[in-house]
Amino acid sequence: MAGPLLGIRVLDLTQGVAGPYATKLLSDYGADVVKVERPDGGDPTRRVGPFPDDVPHLDRSGLFFELNSGKRSVTLNLAAATGRRILQRLAADADLVIESFRPGALARLGLDAARLEAINPAAALVQLSNYGQEGPYRDFELDDLGAYAMGGVLALTGGEGREPARIGLYAPLFLAGGVLATYTIGAVFGSRRTGRGERVDASLFEILASSMDRGGPNLVAYQYSGSLMTTRSASQLRNAMPNGVFRCTDGYVSITGQPQFFPRMARMIDRPDLAEDEAFLGRLDDPAFLPEVEPLLTDWLSRHSKREAMERGQAEGLPISALNTMEDVFADPHLHERDFFETVAQPAAGEVVMPGLPLRMSDTPGEIRAAPTLGQHTVEVLTAALGYSTQDVAVLRQRGVV
């Protein structure tokens, strides 16, 4: 493949969502990612759906497909001394070692920063954990909702005076994975420039606290004013323009309402006369006028579909978007016109439609490829990279090492 990261060798010791998503992005853009998995089941996401026909199978998880496209899977029992020695040999040939074990676990496997420096001084080491390798929270547990909660994001969701609203499953972990991939590339190229491997201590807590998904701006607002940012519901009361989510005949649309947008909304709802009514326009900064303005919009929306409303509003320059279901996303004509979706032949599941690459490069575009079956490349990697024979690998498998 012709990806911009072609030639970069990654030893992937991550599992779950955030770490594998980061290495998946590296893989999609050309890096050779060798994913080390436990022989007795592999990455836990292999047991998480969706599955074709709702039949669970370690090699047919849709979540695993999305998180591990293009990687090579090697099974390795790291509880065995031979398995740990093989791990060190794999690390000796890598440009990047990235892991998401509990803090301290990598050292117990014989591959801490000092050992990696001894066998491969130029290799970057990225360690992802919940709260970082050091600190009072180091050994605390953390899930997707907890990451949002601890990072200050959850405090800004939901209605004013109400409990926070839960945000979509895995969202903060995918966000963290994207951030991690970006900085990991910097670590790799920094290591190449200096000849000394970078050491990266990556914390989910700190990524979420500093992210632009409400965490970072919230911290800045508190630093400067001593108070939190206003909630979305409170911001809707600053003027008389409808702002938020509204029902249509087949779902909902989201509208960004500001007084300067009212003439556009008026034309959308077939009331161009109001777009030039100075007496009407002069009251749009008064929140008390909202009960007279909002019914004009909701009545019109009650007779139109969400796509009709979006197309009519966007034609007038009004920021309005349909709230798509997953079915809507897969049928979206814009995404199909841009060839966003790609059909990938997965070894154990057949042809699967996958989301495409998020960035399009002209000369080194990258590629969405199949995710590996469990241990699919064990023989290939151990024979080609480490000099084992196929008979050697067979013996290692009999001994429970691979």
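Trainee: Which residue in strand 8 does Gly 244 stand opposite?

Mentor: Gly 244 stands opposite Ile 255 in strand 8. Please note that this is a predicted model, where local features need pLDDT of at least 70, side-chain atom pairs count only at pLDDT 80 or more, and totals for chains, interfaces and linings use all residues. Residues are numbered from 1 along each chain as its sequence is written, and side-chain values use heavy atoms, with hydrogens and water left out.

Trainee: How many bridges join strand 7 to strand 8?

Mentor: There are 5 bridges between strand 7 and strand 8 (residues 251-255), and the two run antiparallel. Strands (E, at least two residues) and helices (H or I, at least four) are DSSP runs numbered from the N terminus, and two strands pair if DSSP finds at least two bridges between them.

Trainee: What is the strand order of the sheet?

Mentor: The order is 7-8-9 in an open sheet of 3 strands with antiparallel pairing. Strand 7 (244-248) and strand 9 (320-322) are the edge strands, each pairing on one side only. On average, neighbouring strands of this sheet are turned by 30° against each other, direction ignored.

Trainee: Which strands does helix 13 lie across?

Mentor: Helix 13 (residues 290-301) lies across strand 7 and strand 8, at about 40° to strand 7. Axes are lines fitted to C-alpha atoms, for helices over the stretch in contact, and angles run from 0 to 180 degrees between N-to-C directions. Helix 14 (residues 306-315) also packs on the sheet, touching strand 7, strand 8 and strand 9, and its direction makes about 155° with that of strand 9. Contact means heavy atoms within 4.5 Å.

Trainee: A change of topic: is Leu 11 buried or exposed?

Mentor: Leu 11 is buried, with a relative accessible area of 2%. Buried means under 20%, exposed over 50% and partly exposed in between, using a 1.4 Å probe and protein chains only. Leu 11 belongs to strand 1 (residues 9-13).

Trainee: And what is Leu 11 in contact with?

Mentor: Leaving aside neighbours within four places in sequence, its contacts include Val 34, Val 36, Leu 87, Leu 90 and Ala 91.

Trainee: Which residues of helix 3 are buried?

Mentor: In helix 3 (residues 81-91), the buried residues include Ile 86, Leu 87, Leu 90 and Ala 91. The elements that the buried residues of helix 3 pack against include strand 1, strand 2 (32-37) and strand 4 (96-99).
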